[in-house]
Amino acid sequence: MTYDFKIQAADTPTLYRDLSSALEGLVAGESDAVANMANAAALIWESLPDINWVGFYRNIANENGERELVLGPFQGRPACIRIKFGDGVCGVAADTRKVQRVEDVNAFPGHIACDSASASEIVVPLIRDGELLGVLDIDSPRTGRFTEEDEAGCVRLGEILSKAI
Ligand code: SME
């Protein structure tokens, strides 16, 4: 079986519409969360211009029973493995359960720099039946890379992913 998901679109809403359709197709009928996160990271990596990292942090209890974000499938440079709730952009997204769209990561208090090339970032909490499963994190080397249209598109991707992981 071959997948050819090279997505090119004239405008951002169309790009995310095509990307959402591709993602729905990619996860359809598969219940394994790791497989779906891995393919989703690869699809987003191949489809979105100007990004240098995309991947997942999962909400997992550590050995002391405290919830932490733990690195999941991703594309890009190796990243920090564990993030506490409230720390960095991902930890704030997990803590508040609100999308964090950061124009300039260097201006975000407590931002965790995994790749010094990252300049802007969007983090979408993944919630199913009131439970925080984890977050989808996308980084860009360009300041202000993520617009309101990107946020709407990423929220849609998050809705699909919340049912697939
Ligand atoms: N910058 C993130 C950490 C994860 S990396 O970007 C992959 C943060 O501040 O939470």
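Where does Ser140 sit? In strand 6, which spans residues 131–140.

This is a predicted model, in which local features need pLDDT of at least 70 and side-chain atom pairs count only at pLDDT 80 or more, while totals for chains, interfaces and linings use all residues. Residues are numbered from 1 along each chain as its sequence is written, and side-chain values use heavy atoms, leaving out hydrogens and water.

**View 1. Ser140 in strand 6.** Strands here are DSSP E runs of at least two residues and helices are H or I runs of at least four, numbered from the N terminus. Ser140 has a relative accessible area of 0%, so it counts as buried (under 20%, with a 1.4 Å probe and protein chains only; over 50% is exposed, in between partly exposed). Leaving aside residues up to four places away in sequence, Ser140 touches, among others, Asp50, Ala117, Arg145 and Phe146; a contact means heavy atoms within 4.5 Å.

**View 2. Gly72 in strand 2 (residues 67–76).** Gly72 is buried too, at 10% relative accessible area. Beyond four places in sequence, Gly72 touches Phe56, Tyr57 and Arg58. Leu48 is 24 residues away along the chain, with 19 Å between the two C-alpha atoms.

**View 3. The largest nonpolar core, 30 residues.** Such a core is a set of buried Ala, Val, Leu, Ile, Met, Phe, Trp, Tyr and Cys residues joined through side-chain atoms within 4.5 Å. Those with the most contacts inside this one include Leu23, Ile44, Leu48 and Ile138. Helix 1 gives the most to this core, seven residues. Ile138's contacts beyond four places in sequence include Ile44, Leu48, Trp53 and Cys154.
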